[in-house]
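Let us take a walk through this structure together, stopping at a few places where the details are worth a look.

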Amino acid sequence: MKAPILVVDDLVKHFPTDDGRTVHAVDGVSLELAAGETLSLVGESGCGKSTLGKTIMRLYPPTSGSIRVNGQEIGTTSRRAMRPLRRELQMVFQDPFASLNPRVSVGRAIEEPLIVHGIGTRAERRERVSWLLGRVGLPADAAARHPHEFSGGQRQRIGIARALALNPKIIICDEPVSALDVSVRAQVLNLLGDLKDEFNLAYLFISHDLSVVEYVSDRVAVMYLGRIVEIAPRERLFGAPLHPYTKALLDAAPIPDPTRRRGRRPRLDGEIPSPLDPPSGCRFRTRCPIRIERCTTETPHLLSAGSGQFVACHRAFEGASVPVPVPAGAPVTGDALAMR
Amino acid sequence: MSALLDIRDLHTHFFTARGVLKAVNGVSLSIGRGEIVAVVGESGCGKSVTAFSILRLIPDPPGRIVGGEVLFEGRDLTTLSPAEMRAVRGRGIAMIFQEPMTSLNPVLTVGEQVGEVLIEHGTVPRSRVKARVLEILESVRISDPARRIGQYPHELSGGMRQRVMIAMALACEPKLIIADEPTTALDVTVQAQILDLLMEMRDRYGMAVMLITHDLGVVAETADRVAVMYAGRKVEEAAVEALFRQPLHPYTQGLIRATPEGAGSAAGFGRRPARLQEIPGMVPPLHAMPPGCAFAPRCAFALDLCRQAPPPLVMRHEGHQVACYRAADIEARTLEAVA
Ligand SMILES: Nc1ncnc2c1ncn2[C@@H]1O[C@H](COP(=O)(O)OP(=O)(O)O)[C@@H](O)[C@H]1O
Ligand SMILES: Nc1ncnc2c1ncn2[C@@H]1O[C@H](COP(=O)(O)OP(=O)(O)O)[C@@H](O)[C@H]1O
Ligand SMILES: [Mg+2]
Ligand SMILES: [Mg+2]
């Protein structure tokens, strides 16, 4: 396997509450991202996807764990020391409007990262801005205008141009198309795909929409209450899911094809519990149709099921030979497995 | 048999500083008893304004129904007095919204809200109200209803609140439920629960459902018939299978092909033969509508004719209406492509 460009190891992000309790937003997540790869992160709202993305970006200091970019630790270094590495890592948000200052012109917003990193002369930066605008499909005169003059899809293009300004290798996309209508969503997904090819970008693509995830991903990680419960190449995850939560998600996702209508069927009960007081053992057990006693007492770890698929479920390997235990953060390609 | 709801050439305008916004611009739609009809289209196309017009909930000013009829069991709702209209809202038609929090009363418990509806409705004697509330909560699969009855909306999850909304709707024993994006704010597993519940209500009580959504997956899974709206007009209507098998309006085709799972097998950014089909440009703003077909500026099939006058809605097949001058050519082409 190519050396991973991003390695997240046992990352924890807790938020203290006013009444002295703890939100277990991200609770021991390990993953790797290879250059040029798209790894999607799916899961229902509140499961910790955005917190994971923002913690990797160091918008939040991690509670514990490590984050390495090109082999260098950024989880514990000061923000100043990590600045050069920060250039490699950018983020695109769901609501680009919220991340754009309404009083700052679009050109200035895109130029800002260049100024912060002391790159280029003023003229060079201007030139780069107009090149970026063109590349994301916005007219050159957009530079002088303000964010509120643009539609949702155009604002997302502005957010993408800004993320591209420093020539990053990794972009964390947090629900980049969730607020967009279908026709505009296709435009933005196509743009992200083109940029990935052109610049060999790696995406950590956060989404709750399984149809989008199936379309964009090389690999998919499924999160539930702060933890990854399954991670697998896309074909495996959609074709042969192993975790009961992954199965429930796939089963619940509506398919835009009436000939494949599945009718009413057994559904997952209830909703995701509070991360203030997550269930002991397996966090999914309170909603799990196949739980056993062991699920209450013992936390399942991500174990290899072959072909790059990893699942954290005590029941996943019943009847199969004992799986190879794999330490957290292990690479997940077929090659890597063969090497073990 | 006549339709339960028959909207005929409805026009709802907003009179604003920017001019007259024709938010609903000649929409006709009928819904039969026990039928689930989806209304789809992108944001701003007039779905909610259509729904609010049916119930006469358009804020006036700035809005007004300026033309058309809304026949419900044969009576034109647009001509009813406020009191008569309240009666229709109480027993004939109920509505549920995307964000139940805005329509639930924050200072009343779940039991009080559902009970209040029953009392207003007046078919249940006061002594039976509590028992009936429990029954209704159970029928919408609210777990532990005896405890829930004493809880306030803010103590409930989004999915539970939506169930309470549905319970309140059921308390009126309506013949039609208008559900405006009822699952858009919910997670996919909870969405599935709520959609199942709506279908079950239809099966058990024969209620009709007007399901407003922008999600083609939700349409495909739940609707019997579908109306597609664009810029204040209905551009196509068909049975759900026909609409997905043979969409005739270029906009409907675009919507289906722009949807990842509608694009064929997933390919991934890594190896992607399948670029998603884009619909270029965006919806024109209501205050600057082109004179002809509102979709013409984005349409690959547009002719001069399309830019002159909006195309009328025509019945191309039994139950399949489309408003497009090129529908016949487009259909011939797709048939060729399949052959
Ligand atoms: N800044 C914060 N302070 C306290 N709690 C937070 C903060 N950000 C997120 N959370 C909580 O952490 C959990 C995970 O949230 P988030 O990462 O936003 O989930 P997702 O993006 O998957 O919807 C939620 O319970 C959320 O309320
Ligand atoms: N109170 C209002 N005043 C002015 N315009 C309105 C008002 N309510 C809705 N509109 C306009 O009517 C159009 C249709 O809106 P709506 O029916 O809410 O769309 P959607 O299909 O997303 O539900 C929009 O362009 C909207 O701006
Ligand atoms: Mg989020
Ligand atoms: Mg609406």
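This is a predicted model: local features need pLDDT of at least 70, side-chain atom pairs count only at pLDDT 80 or more; totals for chains, interfaces and linings use all residues.

Residues are numbered from 1 along each chain as its sequence is written, chains are lettered from A and ligands numbered from 1 in the order in which they are written, and side-chain values use heavy atoms, with hydrogens and water left out.

Let us begin with ligand 1. It is surrounded by 13 residues, the closest being Gly46(A), Gly48(A), Lys49(A), Ser50(A) and Thr51(A); a residue is near a molecule if one of its heavy atoms lies within 4 Å of it. A backbone N or O atom of Gly46(A) sits 2.7 Å from an oxygen atom of ligand 1. For Cys47(A), the distance from a polar backbone atom to an oxygen atom of the ligand is 3.3 Å, and for Gly48(A) it is 3.0 Å. On its own, ligand 1 exposes 560 Å², of which the protein buries 64%; accessible areas come from the Shrake-Rupley method with a 1.4 Å probe, and for residues only the protein chains shown count as cover.

Which elements give two or more residues to this shell? They are strand 2 (22-34) and helix 1 (49-56) of chain A, where helices (H or I, at least four residues) and strands (E, at least two) are DSSP runs numbered from the N terminus. Helix 1 of chain A provides the largest share, 3 residues. By type, the shell around ligand 1 holds 6 nonpolar, 5 polar and 2 charged residues; Ala, Val, Leu, Ile, Met, Phe, Trp, Tyr, Cys and Pro count as nonpolar, Asp, Glu, Lys and Arg as charged, and the others, Gly among them, as polar.

Now please turn to ligand 2. Around it are 14 residues, and Gly44(B), Gly46(B), Lys47(B), Ser48(B) and Val49(B) come nearest. An oxygen atom of ligand 2 lies 2.7 Å from a polar backbone atom of Gly44(B), and a backbone N or O atom of Gly46(B) is 3.0 Å from an oxygen atom of the ligand. With Ser48(B), an N or O atom of the side chain is involved, 2.8 Å from a ligand oxygen atom. Taken alone, ligand 2 exposes 560 Å², and the protein buries 67% of that. Strand 2 (19-31) and helix 1 (47-54) of chain B each supply at least two residues of the shell, with helix 1 of chain B giving the largest share, 3 residues. The shell around ligand 2 divides into 8 nonpolar, 4 polar and 2 charged residues.

Next come the strands. Strands of a sheet pair through backbone hydrogen bonds, either parallel or antiparallel. In chain A, strand 9 (residues 219-224) and strand 10 run antiparallel and are joined by 6 bridges; two strands pair if DSSP finds at least two bridges between them. Ala221(A) has Ile231(A) as its bridge partner in strand 10 of chain A. The hairpin of these strands has 2 residues between them, and Leu225(A) takes a positive phi near 45° there.

In chain B, an open sheet of 8 strands with mixed pairing has the order 6-7-8-3-9-10-12-11. Strand 6 (93-96) and strand 11 (314-317) of chain B stand at the edges with a single partner strand each, so one side of each has no neighbour in the sheet. Within this sheet, strand 3 (residues 36-40) and strand 8 (residues 208-213) of chain B run parallel, joined by 5 bridges, and Met210(B) in strand 8 is the bridge partner of Val37(B).

Finally, two residues of chain B. Gln253(B) lies in helix 11 (residues 250-258) of chain B and counts as buried because its relative accessibility is 4%. A polar atom of the Gln253(B) side chain lies 3.0 Å from the backbone oxygen of Pro247(B). Ala288(B), in the loop between helix 11 and helix 12 (304-308) of chain B, is partly exposed, with a relative accessible area of 42%.

Key:
A polar contact is a pair of N or O atoms within 3.5 Å; within protein, one must be able to donate a hydrogen and the other to accept it, and residues adjacent in sequence count only if both atoms are side-chain atoms. Buried means under 20% relative accessible area, exposed over 50%, partly exposed in between (1.4 Å probe, protein chains only).
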